[in-house]
Amino acid sequence: MISTLTQLPPQALTPEFVTRFEPTSFMFWLEMFGIFACSVSGTILAKHKNFDAFGCILVAMIAAISGPTARDIILNRYPLFWMVNMNYLLIITITSVGFQMFCNPKARHVDGLLKLFDGLALAIFTLIGIQVAQEMGANIPVCILLGVLNILFGTVIRDMLCNEIPLVLQRELYITPAIIGGILYFVLQVMDIPSWITQSLTMLTIFSIRMLAVQHDWYFPDISLIKKASL
């Protein structure tokens, strides 16, 4: 796969490719909303941990762009998207400042709001990660892996900066919805389903499974074959 990627024509890595979504397209606004959702979740968590204004902005930026950045580095895809199009950093900053001003981190609904935006970001960024990897010539397993990485990397770093156990290491289902959505994406492609239906169903599946897991406390059972001794 690496040799295939390095043989791509130079024009594939131009700024036009990095910012491939037209400003009038659905995918452009979807990507912007994904950046917004990650910024909100990062700001809420940082504000809850009593970070200052710049600390909240930093956490929001890390949550929003570190996953896609890791994806692009693995794919040898340069220049990095947020260095070409400053709208990404602008949206993150405005979103973070706005939520710092008007969001009460101690309110009862904040935890639910954090999980909601986490679920939205998971659905959107998984889809975008899969599509970017597919455009770069990666095979199906790698596309799904990079779709998961597209959101996972930023979430892990965000939680570690805020002195939280990373969400992916907790009992809640987080990676599983992304993997299921990625498999569904390629199944629908093989069935020659229109792209907008494939994209919509992929995101809806990921978001629905994630939200149901949060609501009903779904998690994988303990697979240990040795019973724990009771104290």
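About 30 Å³ of space lies in the second largest cavity of this predicted model. Its lining consists of Cys38, Ser41, Ala63, Asp118, Ala121, Ile151, Gly154, Thr155 and Arg158. Helices α3, α7 and α8 are the elements that give two or more residues to this lining, and α8 gives the most, with four residues. Sorted by class, the lining of the second largest cavity holds four nonpolar, three polar and two charged residues.

A search of the whole structure returns two cavities of 30 Å³ or more. The largest cavity contains about 50 Å³ of space. Around the largest cavity stand Glu31, Ile35, Pro68, Arg71, Phe81, Tyr88, Phe125, Ile128 and Asn150. At least two residues of this lining come from each of α3, α4 (53-74) and α7. The lining of the largest cavity divides into six nonpolar residues, one polar and two charged.

Helix α7 covers residues 110-135 and helix α8 residues 140-161; their axes come within 7 Å and cross at roughly 135°. The two helices α7 and α8 are therefore oblique to each other. Their crossing is right-handed. On the α7 side the contact is made by Asp118, Ala121, Leu122, Phe125, Thr126, Ile128, Gly129, Ile130, Ala133 and Gln134, and on the α8 side by Cys143, Ile144, Leu146, Gly147, Asn150, Ile151 and Arg158. Ten of the residues in the contact of α7 with α8 are nonpolar, five are polar and two are charged.

The angle between α4 and α8 is about 140°, with their axes 7 Å apart. Helices α4 and α8 are therefore oblique to each other, and their crossing is right-handed. In α4 the residues Val59, Ile62, Ala63, Ser66, Gly67, Pro68, Ala70, Arg71 and Ile74 meet Leu146, Leu149, Asn150, Phe153, Gly154, Ile157, Arg158 and Leu161 in α8. By class, the contact of α4 with α8 has eleven nonpolar, four polar and two charged residues.

The open space remains to be described. The largest pocket has a volume of about 290 Å³. It is lined by 17 residues, of which Leu45, Asp111, Leu114, Lys115 and Glu164 are the closest to its centre. Helices α3 (26-48), α7 and α8 each supply at least two residues of the pocket lining. Helix α7 gives the most to the lining of the largest pocket, with five residues. By class, the lining of the largest pocket has eight nonpolar, two polar and seven charged residues.

Methods. Residues numbered from 1 in each chain as written. Predicted model: local features only at pLDDT ≥ 70, side-chain atom pairs only at ≥ 80, totals over all residues. Heavy atoms only, no water. Axes fitted to C-alpha atoms, helices over the stretch in contact; angles between N-to-C directions. Parallel < 35°, antiparallel > 145°, perpendicular 65-115°, else oblique. Left-handed = near helix turned anticlockwise from the far one by under 90°. Contact = heavy atoms within 4.5 Å. Nonpolar A, V, L, I, M, F, W, Y, C, P; charged D, E, K, R; others polar. 1 Å grid on protein atoms, 1.4 Å probe; cavity = no way out; pocket = protein on both sides within 12 Å on 5 of 7 lines; lining within 4 Å. Points joined across faces, edges and corners; volume = space filled by probe spheres on them.
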